[in-house]
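Here's a quick tour of the fold, starting with the overall layout and ending at the sheet. Have the structure open as you read.

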Amino acid sequence: MKIIHFGATGTLGKYVCEELGSRHEIVRVGRKSGDLNADLTSIVEIRSIYERVGSFDAVICTAGGGYFGPFDAMRDREFRQGVESKMMGQINLVLEGHQRIKHGGSFTLTTGILSEDPVPMASNLSAINGAVNAFVRAASIELPRGIRINAVSPGLVEDSMESLGSYFPGHMPVKMERMVSGYVKSVEGKITGQVIRLY
């Protein structure tokens, strides 16, 4: 398969690429590094990636961020960081890509545990993750040509414990191998409309 991976050079993305790259052709897309570059908040840049790659079988996204900070400091501008990046960025990958992807292709988006188990300062990310999960479930019943779509919803990964662990008291870290398995299941399996929870 030819897989376009947005966020391929990130903490999680590089491990997903390493695993799937042993069996498939990966086009690595990053904001500033990778085979191609794109800002997930730019629909023009998303279209450009699809046009440059041509025919493809699958899209993975492990990119996209949002506002992580005190609720009292959050206003429309802060909240829109997550809307434009992790929410609409990923949704636009599907809206722009579903007519270009091969018959029977797949989209694998990334959400996270915060949609169901929020922590302080994560209201924006909790809302965005929940929205993308809902989009995946709804889009799966309308996508044409046998196209599949799933979301991988990771918990706190072991590799992020040092930098983020203090924000997630009591959360058990998840091994990177388990995280990667969710993307393999989505891309190489046959499921659709699923939120693959890894926590």
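The protein chain has six helices and seven strands; helices (H or I, at least four residues) and strands (E, at least two) are DSSP runs, numbered from the N terminus. Reading from that end, the order is β-α-β-β-α-β-α-β-α-β-α-α-β. Keep in mind that this is a predicted model: local features need pLDDT of at least 70, side-chain atom pairs count only at pLDDT 80 or more, and totals for chains, interfaces and linings use all residues. Residues are numbered from 1 along each chain as its sequence is written, and side-chain values use heavy atoms, with hydrogens and water left out.

Some whole-chain numbers:

As for burial, 51% of the 199 residues are buried (under 20% relative accessible area, 1.4 Å probe, protein chains only).

Now the sheet. Seven strands make an open, parallel sheet, ordered E3-E2-E1-E4-E5-E6-E7; two strands pair if DSSP finds at least two bridges between them. Strand E3 (36-37) and strand E7 (194-198) sit at the edges, each pairing on one side only. Strand E2 (residues 25-30) runs parallel to E3, and two bridges join them. Where does Gly30 find its bridge partner in E3? The partner is Asn37.

Notes: Buried < 20%, exposed > 50% of the residue type's maximum accessible area, 1.4 Å probe, protein only.
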